[in-house]
Amino acid sequence: MFALARRSPFEWMEQMDRHMDALLGRSVEPNGSTGSAWTPDCDVYARDGKVVVRCDVPGVDPGDVHVAVRGRTLTISGERRATEQIPDEDYCCREIPHGSFERAVTLPADVDAQAITASYRNGVLAVEVPLPKELTAQTVPITVEQPALAPAA
């Protein structure tokens, strides 16, 4: 298996900054809302010669989700809209974030943007990015020159 991409310390700091903004934004607002962007949770893994990016975006209309590729960066963005307008004073608890979001994933190499597929099912966006053949895992046979060691008693 290969590593999808190595992150620099600055990327980790930016990610921590986003998490802190989300955490503090919710606790500082009197009504519990963030009033700013939110970040959906994502899984990124390789399978069958493809990078798969799955993002949890429940409550987001598929028409409000956008997938773009520029060089090695896959960007998923969109917006979750409130289903109804409820006055702030009527809320006892407000934990579901609304508004725009954006996630960027660094791909292991430039890819063919025309070959990317995306599907949306049950609030989960799945994006499949085919990898160039030279990046797919190759099986290497192992030649054994001596017999395996006997287990110790």
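Biologist: In this predicted model, over how many bridges do E6 and E7 pair, and in which sense?
Modeller: The two strands form a hairpin with 2 residues between them, and within it Ser119 stands opposite Ala126 in E7. The pairing of E6 and E7 is antiparallel, and the number of bridges is 5.

Biologist: Where is Asp48 found, and is it buried or exposed?
Modeller: Asp48 has a phi near 50°, a positive value in a residue other than glycine, and its place is the loop between E1 and E2. With a relative accessible area of 71%, against a cut-off of over 50%, Asp48 is therefore exposed.

Biologist: What is the strand order of the open sheet of 4 strands?
Modeller: E1 and E2 pair in the antiparallel sense over 6 bridges, with Asp43 standing opposite Arg54 in E2, while E6 and E7 are antiparallel partners over 5 bridges. The pairing in this sheet is antiparallel, and the order is E1-E2-E7-E6.

Biologist: Which strands stand at the edges of this sheet, each with a single partner strand?
Modeller: Neighbouring strands of the sheet with the order E1-E2-E7-E6 are turned by 15° against each other on average, with direction ignored. A strand with a single partner has one side left without a neighbour in the sheet, and so the edges are held by E1 (42-47) and E6 (117-121).

Biologist: Which residue is the bridge partner of Val67 in E4?
Modeller: A further open sheet has 3 strands in the order E3-E4-E5 with antiparallel pairing, and its edge strands are E3 (65-70) and E5, each with a single partner, so that one side of each lacks a neighbour in the sheet. E3 and E4 run antiparallel and are joined by 6 bridges, and within E4 the partner of Val67 is Ile76.

Biologist: What share of the contacts with a separation of 6 or more comes from residues 24 or more positions apart?
Modeller: The secondary structure comes to 1 helix and 7 strands, and from the N terminus on the elements run α-β-β-β-β-β-β-β. Buried residues make up 27% of the 153 residues in the chain. Of the contacts with a separation of 6 or more, the share from residues 24 or more positions apart is 57%.

Biologist: Over which residues is the pLDDT below 50?
Modeller: The chain averages a pLDDT of 80, and 76% of the residues score at least 70. Where pLDDT is low, the predicted coordinates should not be read in detail. Beyond near neighbours in sequence, the stretch in question has 14 contacts in the model, and its pLDDT is below 50 over residues 26-36.

Definitions and conventions
Residues numbered from 1 in each chain as written. Predicted model: local features only at pLDDT ≥ 70, side-chain atom pairs only at ≥ 80, totals over all residues. Heavy atoms only, no water. pLDDT = per-residue confidence, 0-100. Contact = heavy atoms within 4.5 Å. Buried < 20%, exposed > 50% of the residue type's maximum accessible area, 1.4 Å probe, protein only. Pairing = 2+ DSSP bridges. Axes fitted to C-alpha atoms, helices over the stretch in contact; angles between N-to-C directions.
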